[in-house]
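Work through these exercises with the sequence and the structure open. Try each task before you read its solution.

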Amino acid sequence: MKKTLIATTMLIGVSAGFALAPATTVFAQETAASTEAAQQNWLDALNARVDLAQAKTALLRAQIALEIEQSPERAQQALDDAQVWVSKAKDGAVAGAKAQMQVMSDDIKSARDTIGEMPDEARAKIEALTVTTEARLLEYKQAILDTDEAKLLQLRYVQAEAHAALLQAQLAEKMDATGALAAAYLDKAQALYQGTKEGATKGVQTGLSELSADIDAAKLLIAEKRDQAGTAITDLAKRAADFMRGAQ
């Protein structure tokens, strides 16, 4: 959304020896201020969406730590990370969303506190939190701002969602005997990466192409060498996380 510039003939009035400020100039200033405020609101929403996407990846890492790695300590660390991202999202959210995110923050703490004594209950809470985070993400509309900052935030959001899809593929590969669900999540990640190539720097495009090729290789392993697929997807998710950090 570009700033609206209002060009108009200025009307000067003189009354009792004082020059009156042109009404059209005041209107132009108010319009520009309103446009800037709207842009800032969009950017705040984009930032919150990126933070929530990062929270989702942290929650998925907590699930992986419990379901696959059997590591309560890593699960707790991942939940700590999720707590940080939700807090960041809350800082830039509107009043109604702040209340929702406070509930999420409280639920994360509850899940963390139950990992040691009630791991099954903790798993259920983390899964529910992942679903809740997905729902919050859907509430943020696609921003249409033609600014470098907005484009960068959109890129970070898509990369976080792609990384989340890879983590979901990692979970699904262990839970789904057919491998179909894991392959579907890999397809989702690949589509997200492909969608960000246009307009990206050459270095980012190269990294995205390499990740896409690795996803193809992982899908082939699911179909032909299933015993190697889990390790390949785990390594792929780690490379995706490293790439995302480097691209920022």
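**Exercise 1.** In which helix is the place of K56? Find its surroundings too.

*Solution.* First, the ground rules. This is a predicted model, where local features need pLDDT of at least 70, side-chain atom pairs count only at pLDDT 80 or more, and totals for chains, interfaces and linings use all residues. Residues are numbered from 1 along each chain as its sequence is written, and side-chain values use heavy atoms, with hydrogens and water left out.

Step 1: locate the residue. K56 sits in helix α1. Helices here are DSSP runs of H or I with at least four residues, strands are runs of E with at least two, and both are numbered from the N terminus.

Step 2: check burial. K56 counts as buried because its relative accessibility is 1%. Buried means under 20% relative accessible area, exposed over 50%, and partly exposed in between, with a 1.4 Å probe and protein chains only.

Step 3: list the contacts (heavy atoms within 4.5 Å). Neighbours within four places in sequence are set aside; K56 then touches T130, T133, E134, L137, E161 and A164.

**Exercise 2.** Describe the protein chain as a whole.

*Solution.* Step 1: count the elements. The chain has 8 helices and 2 strands. From the N terminus they run β-β-α-α-α-α-α-α-α-α. Step 3: look at burial. Of the 248 residues, 40% are buried. Step 4: look at the contacts between residues at least 6 apart in sequence. Of these, 70% join residues at least 24 apart.

**Exercise 3.** Find how L46 is placed relative to L153.

*Solution.* Step 1: L46 also belongs to an element, helix α1. Step 2: L46 is buried, at 3% relative accessible area. Step 3: L46 and L153 are 107 residues apart along the chain, yet their C-alpha atoms are separated by 6.3 Å.

**Exercise 4.** Work out how α3 packs on α4.

*Solution.* Step 1: take the geometry. The axes of α3 (residues 95-114) and α4 (residues 119-138) come within 8 Å and cross at roughly 160 degrees. Axes are lines fitted to C-alpha atoms, for helices over the stretch in contact, and angles run from 0 to 180 degrees between N-to-C directions.

Step 1: name the arrangement. α3 and α4 are therefore roughly antiparallel. Angles over 145 degrees count as roughly antiparallel, under 35 as roughly parallel, 65 to 115 as roughly perpendicular and the rest as oblique.

Step 2: list the partners. α3 brings Q100, M104, D107, I108, S110, A111 and T114, while α4 brings P119, E121, A122, K125, I126, L129, T132, T133 and R136.

**Exercise 5.** Identify the largest nonpolar core and its contributors.

*Solution.* Step 1: recall the term. A nonpolar core is a set of buried Ala, Val, Leu, Ile, Met, Phe, Trp, Tyr and Cys residues joined through side-chain atoms within 4.5 Å. In soluble globular proteins, nonpolar side chains tend to be buried together.

Step 1: size it. The largest core has 34 residues, and L59, L79, M101, I108 and I126 have the most contacts inside it.

Step 2: trace the sources. At least two residues each come from α1 (23-67), α2 (72-91), α3, α4 and α5 (148-175). α1 gives the most, with 11 residues.

Step 3: zoom in on L59. Residues up to four places away in sequence are not counted; L59 touches L79, A82, I108, I126, L129, T130 and T133.

Step 4: look for another core. A second, separate one has 28 residues, including L167, A169, L171 and I233.
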